[in-house]
Amino acid sequence: MRAFPHALLVLCVLGLACNRSKSDGPAAAAPGSDTANTLASGPGNDPCAVYIERAAPGVRCEAIDAARCTCELVPAVSASAPDVAANSNSASGAPPATAPESAVANLEFAKGPQNTIVQCVSGPCPTRSADFITGAYPPIPLPASGASVQLEFRAMHYKPYVGTYNLVPGRNYIQFTLEREFGAPVSAAFQFEGAPAGTTVECVSGPCVDNKAYAIDKFPELPLKDDGATLLLRFNAPGYRTAMTSFQVRRGPNAVPVLMEKAPLGK
């Protein structure tokens, strides 16, 4: 398709293609440059400039006078609509625009009872497993139209809770409230395991009832406003070094290991 127009232009440069016959007049030879001068009339009695532009796409001609025209090659124009963004990037030297990566939602959970677990039950769930809310939850890919998920929260002595959350790209703070089951314990009870005979225990810090030393089987229950309170206990036993234990307690029974080191002889 392109060979013919270019050949036609060469002929016009030589002053031949724009003449139907010698009777149309002598051709004016063009100098060897980017422009070509020809007779002003072409086949069909069209002006030479009009004829060349019609027959040779990519050529632009202008009439000089009644007897001559000048032509030059121009870049071919695509038949499709121009890509404005691509042309802009090309002109500025910027790399071509690429489609944005898929957005993701990162979940951050509000504080809940001790050992609260979360499980995704509906929506674009990244996992169906039950995980502790204190761990890192997998990111959730989001479609362009957005998404929502249903999450179930559970903890010992609490009623399960299912909430629906509309997600946005980036950080999503997930709030929830668990209601205690009817008859659930409100105090922490303790069972000390591995303690030597004659061991006493006293509460040093935390939600202590008092700071007295108690035999391990007489230690009182501790009323708790929230699960997960930190308690520091001190243990003493004949023939053993004093030991300190710090741990988190929850309502209901708490098994507490007692690790004590024997004291050197004579002390």
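Student: Okay, so a disulfide is a pair of cysteine sulfur atoms within 2.5 Å. How many disulfides does that rule give here?

Tutor: The count comes to three disulfides by that rule. Keep in mind that this is a predicted model.

Student: Which cysteine does Cys120 pair with?

Tutor: Cys120 is joined to Cys125, with an S to S distance of 2.1 Å.

Student: And is that link left-handed or right-handed?

Tutor: The link of Cys120 and Cys125 is left-handed, with -70 degrees about the S-S bond.

Student: Are those two buried or exposed?

Tutor: Both Cys120 and Cys125 are buried.

Student: What about Cys61, what does it bond to?

Tutor: Cys61 forms a disulfide with Cys71, and the S to S distance is 2.1 Å. The torsion about their S-S bond is about 115 degrees, so this disulfide is right-handed.

Student: Where do Cys61 and Cys71 lie?

Tutor: Cys61 sits in strand β2, residues 59-63, while Cys71 belongs to strand β3, residues 69-73. The pair therefore ties together parts that are 10 residues apart in sequence. Cys61 and Cys71 are both buried, too.

Student: How far apart are the sulfur atoms of Cys203 and Cys208?

Tutor: The sulfur atoms of Cys203 and Cys208 are 1.8 Å apart, and the two residues form a disulfide. It is left-handed, because the torsion about the S-S bond is about -65 degrees.

Student: Why does Cys203 count as buried?

Tutor: The cut-off for buried is under 20% relative accessible area. Cys203 has 2% relative accessibility, so it counts as buried. Cys208 has a relative accessible area of 23%, so it is partly exposed.

Student: Nice. What pattern do the disulfides follow along the chain?

Tutor: Counting bonded cysteines along the protein chain, the pattern is 1-2, 3-4, 5-6.

Student: Switching topic: how many helices and strands are there in the protein chain?

Tutor: The protein chain has three helices and 17 strands.

Student: And how much of the chain is buried?

Tutor: Of the 267 residues in the protein chain, 32% are buried.

Student: What about its accessible surface, how much is there?

Tutor: The accessible surface of the protein chain is about 16,500 Å², and carbon and sulfur atoms hold 56% of that.

Student: Last one: which share of the contacts comes from residues 24 or more positions apart?

Tutor: Among contacts in the protein chain with a separation of 6 or more, residues 24 or more positions apart account for 50%.

Methods. Residues numbered from 1 in each chain as written. Predicted model: local features only at pLDDT ≥ 70, side-chain atom pairs only at ≥ 80, totals over all residues. Heavy atoms only, no water. Helix = DSSP H or I, 4+ residues; strand = E, 2+ residues; numbered from the N terminus. Buried < 20%, exposed > 50% of the residue type's maximum accessible area, 1.4 Å probe, protein only. Contact = heavy atoms within 4.5 Å. Areas by Shrake-Rupley, 256 points an atom, 1.4 Å probe, with all protein chains shown as cover.
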